Amino acid sequence: MASGKVYFIGGGPGDPELLTLKAKRLMETADMVIYADSLVHPSIVEFARPGAQVHGSKTLNLGQIMELTLQAVKEGKTVARIQSGDPSIYGAMLEQMRVLEREGVDYEIIPGVSSAFAAAARLKVELTVPEVSQTVILTRVEGRVSMPPGEELSSLASHGSTLVLFLSITRMPRIVRELRAAGYPKDTPVAVAYRVGWPDEQIIRGTLADISPKVRAAKLTLQALILVGKALDPALRQPVTSLGEGTEVATSHLYSETYTHRYRLGKGRSRAKKEPVPAASRDGD
Ligand SMILES: C[S@@+](CC[C@H](N)C(=O)[O-])C[C@H]1O[C@@H](n2cnc3c(N)ncnc32)[C@H](O)[C@@H]1O
């Protein structure tokens, strides 16, 4: 049994200030740092302590990464394996965990800010807008990796929900074609977020009608996300005419003046009447 430990750490989208405190602390104390240098910004690994061994993983295969890792843990060392964004999303983490399981190595996963959520923040959008979209699908389109049956974009698109597409920027024309065929109107808002949180970040906004030529003109071929759906419409951010009810855009119940839930009485309601707590609030809504 190896006595060291491996931490899979979400390195976030690129901005070091988006690292969790735990990620920073573990990096500062790790004996070895292995980071995905094709996607993790170099400033992130500056937190490694002087004397720690630091390896980029982009030129290594799985066997080489695991050899470095296992050697370190056998020597009782701590290994910080830095993945981009959140490690659970296209992080190729499972194959590493299986080796650690085989070897009886202790490991832990530290979540990070996925580029999906960094992009939403950068775009100033809420991905789930009441009466517009209450579902977000994180996916990719088929490339060298095939999609499991039922997960083709045309099937997923039948829901009309907010879509976040990873690893797919080179297939923009096909994505537009498939989404149009599945019923997304041509004026559906689309945003492409390239290297969010990096100094050369780029944001391209458009619709299904014009996003392909815009992406082609920008010559983006990697490290970009495609976000699609009505929830991305900048018009949803129009200033309210009055606070509270009656605005042009649907608002969530949660902060509504008249909505009663576990922690607050809606206007005109009284606790004395022992009104039942609405079902939704029992669920924590
Ligand atoms: C191997 S996946 C890793 C995703 C990562 N685990 C996450 O949660 O963001 C790489 C893809 O994630 C997206 N991506 C990662 N970092 C990004 C960033 N800073 N800006 C935009 N897209 C990014 C791109 O679609 C890229 O092709």
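1. A salt bridge here is a side-chain nitrogen of Lys or Arg within 4 Å of a carboxyl oxygen of Asp or Glu. By this rule the count is 10 salt bridges, and K5, D106 and E108 are joined in a network of them.

2. The model is predicted: local features need pLDDT of at least 70, side-chain atom pairs count only at pLDDT 80 or more, and totals for chains, interfaces and linings use all residues. Residues are numbered from 1 along each chain as its sequence is written, and side-chain values use heavy atoms, with hydrogens and water left out.

3. D106 and K5 meet through their side chains in a salt bridge (3.8 Å, N to O). D106 belongs to strand β5 (residues 106–110) and K5 to strand β1 (residues 5–10), so the pair ties together parts 101 residues apart in sequence. Strands (E, at least two residues) and helices (H or I, at least four) are DSSP runs, numbered from the N terminus.

4. E178 and R174 form a salt bridge with closest N and O atoms 3.2 Å apart. Both lie in helix α6 (residues 172–181), four residues apart, about one turn of the helix.

5. The domain assignment, automatic or from a database, gives domain 1 (5–113) and domain 2 (116–235). Between them, 10 residues of domain 1 contact 11 residues of domain 2 (heavy atoms within 4.5 Å). The count of salt bridges between the two domains is zero.

6. About 840 Å² is buried between domain 1 and domain 2, 72% of it from carbon and sulfur atoms. Buried area is the accessible area (1.4 Å probe) that two parts lose on being put together, summed over both. P13, H41 and Y90 lose the most area in domain 1, together 54% of what that side buries.
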